[in-house]
Amino acid sequence: MASRPLRTLAVLTCTAALCATATTTAHATTVHATGGHAARGTDRRTPGIVTAWARAWNGTDPAALGALFTADGTYTDEAVAVTFRGQGEIAGWKARADTLIADVRVTVRATRLDGDRVTVRALYSGHLKGAPKPFAVPMTTVLDLDAHHCRIVSDRDHYSLAAVLSQSGLPADWTPPAP
C-alpha cells in the first residue's frame with residue numbers, strides 16, 4: 001500500500017516535467033519560426049506584412065513604407081493627430097520622420113491576427129534630433145489589411161507623445177521644426 005502513493009507521485013512528477021518540456025519546446029519553436037516576434041502563448045506566425053512594415057520603418061527608403069499600402073490606404077498617427085492618404089503621402093510621412101528622428105526603430109513584440117485586422121504590440125524608439133536623450137515607448141498599431149493580406153488598407157499608431165517628449169528631455173509643448 002505504501003508504494004502506491006509514491007508511484008502516483010512519481011507519475012505526476014514525470015507528467016508535469018513532460019508538459020513543461022513540451023510547452024518550452026513549442027514556445028521556442030514558435031519564437032524561432034517567427035524571428036522572435038510571436039505572441040506569448042500562441043503558435044501563430046507573425047504575418048509577413050507586419051515583418052515588411054517593421055522592416056520599412058527601420059529602413060532608410062520612405063517609398064518602401066508607402067508601397068505596403070493600397071493606393072488609397074491611410075496612415076494615422078494618433079499621438080500627433082495626423083492622417084496621411086495614399087502611398088505618396090505615407091512615404092512622405094516616413095521621410096519626415098527620418099529627418100526628425102535619428103535611429104527611428106519599430107521592434108515588434110507581439111501580433112494578433114483577427115480576420116483582416118492585425119494588432120501589433122511594439123517598441124517605438126529613436127532620438128529626436130536636438131533632444132538631449134533618446135526615447136523608447138510602447139506602441140500599439142492596428143493594421144487593417146486587404147482581402148489577400150498583402151497590402152495595408154489602414155494603419156493606426158497609438159503611443160504616448162508625452163512619454164516620447166519626457167524621455168527625450170523636451171518640454172511637453174515642444175513642436176518639431178518646420179520642414
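1. Arg 117, Asp 144 and Arg 156 are joined in a network of salt bridges, a salt bridge being a side-chain nitrogen of Lys or Arg within 4 Å of a carboxyl oxygen of Asp or Glu. Asp 144 pairs with Arg 117 at 2.7 Å between the closest N and O atoms, and this pair links distant parts of the chain, with Asp 144 in strand E5 and Arg 117 in strand E4, 27 residues apart. Asp 144 also forms a salt bridge with Arg 156, where the closest N and O atoms are 3.2 Å apart; here too the pair links distant parts of the chain, Arg 156 lying in strand E6, twelve residues from Asp 144. Helices (H or I, at least four residues) and strands (E, at least two) are DSSP runs, numbered from the N terminus.

2. This is a predicted model, in which local features need pLDDT of at least 70 and side-chain atom pairs count only at pLDDT 80 or more, while totals for chains, interfaces and linings use all residues. Residues are numbered from 1 along each chain as its sequence is written, and side-chain values use heavy atoms, with hydrogens and water left out.

3. The structure holds three salt bridges, and one of them joins the side chains of Lys 94 and Asp 98 at 2.6 Å, N to O. Because Lys 94 and Asp 98 are four residues apart in helix H4, about one helical turn separates them. Lys 94 is buried, with a relative accessible area of 0%, whereas Asp 98 counts as partly exposed at 22%. If residues up to four places away in sequence are not counted, Lys 94 touches Ala 56, Trp 57, Gly 59, Pro 62, Leu 65 and Val 104, contact meaning heavy atoms within 4.5 Å.

4. Six strands form an open sheet of mixed pairing, in the order E2-E1-E6-E5-E4-E3, two strands being paired if DSSP finds at least two bridges between them. Strand E2 (82–85) and E3 stand at the edges with a single partner strand each, so one side of each is left without a neighbour in the sheet. The twist averages 20° from one strand to the next.

5. Within that sheet, E3 and E4 pair in the antiparallel sense over eleven bridges, and they form a hairpin with two residues between them, Gly 115 in the turn having a positive phi of about 65°. Asp 114 stands opposite Arg 117 in E4. E1 and strand E6 (residues 152–158) run parallel and are joined by five bridges, with Asp 155 in E6 as the bridge partner of Tyr 75. Helix H2 packs on the sheet, touching E1, E3, E4, E5 and E6, and its direction makes about 170° with that of E3; helix H4 also packs on the sheet, touching E1, E2, E3 and E4, at about 40° to the direction of E1. Axes are lines fitted to C-alpha atoms, for helices over the stretch in contact, and angles run from 0 to 180 degrees between N-to-C directions.

6. The largest nonpolar core has 36 residues, and those with the most contacts inside it are Trp 53, Trp 57, Leu 65, Leu 68, Tyr 75 and Tyr 124; such a core is a set of buried Ala, Val, Leu, Ile, Met, Phe, Trp, Tyr and Cys residues joined through side-chain atoms within 4.5 Å. H2 gives the most to this core, with seven residues. Leaving aside neighbours within four places in sequence, Tyr 75 is in contact with residues including Trp 53, Trp 57, Leu 65, Ile 90 and Trp 93.

7. Ile 152 lies in strand E6 and is buried, with a relative accessible area of 0%. Its contacts beyond four places in sequence include Ile 49, Trp 53, Leu 68 and Asp 144. Ile 152 and Val 50, 102 residues apart in sequence, are 9.5 Å apart in space, C-alpha to C-alpha.

8. On confidence, pLDDT is the predictor's confidence in each residue, from 0 to 100, and the protein chain averages 82, with 75% of the residues scoring at least 70. Over residues 5–43, however, pLDDT stays under 50, and the model has 22 contacts beyond four places in sequence for them. Where pLDDT is low, the predicted coordinates should not be read in detail.

Key: Buried < 20%, exposed > 50% of the residue type's maximum accessible area, 1.4 Å probe, protein only.
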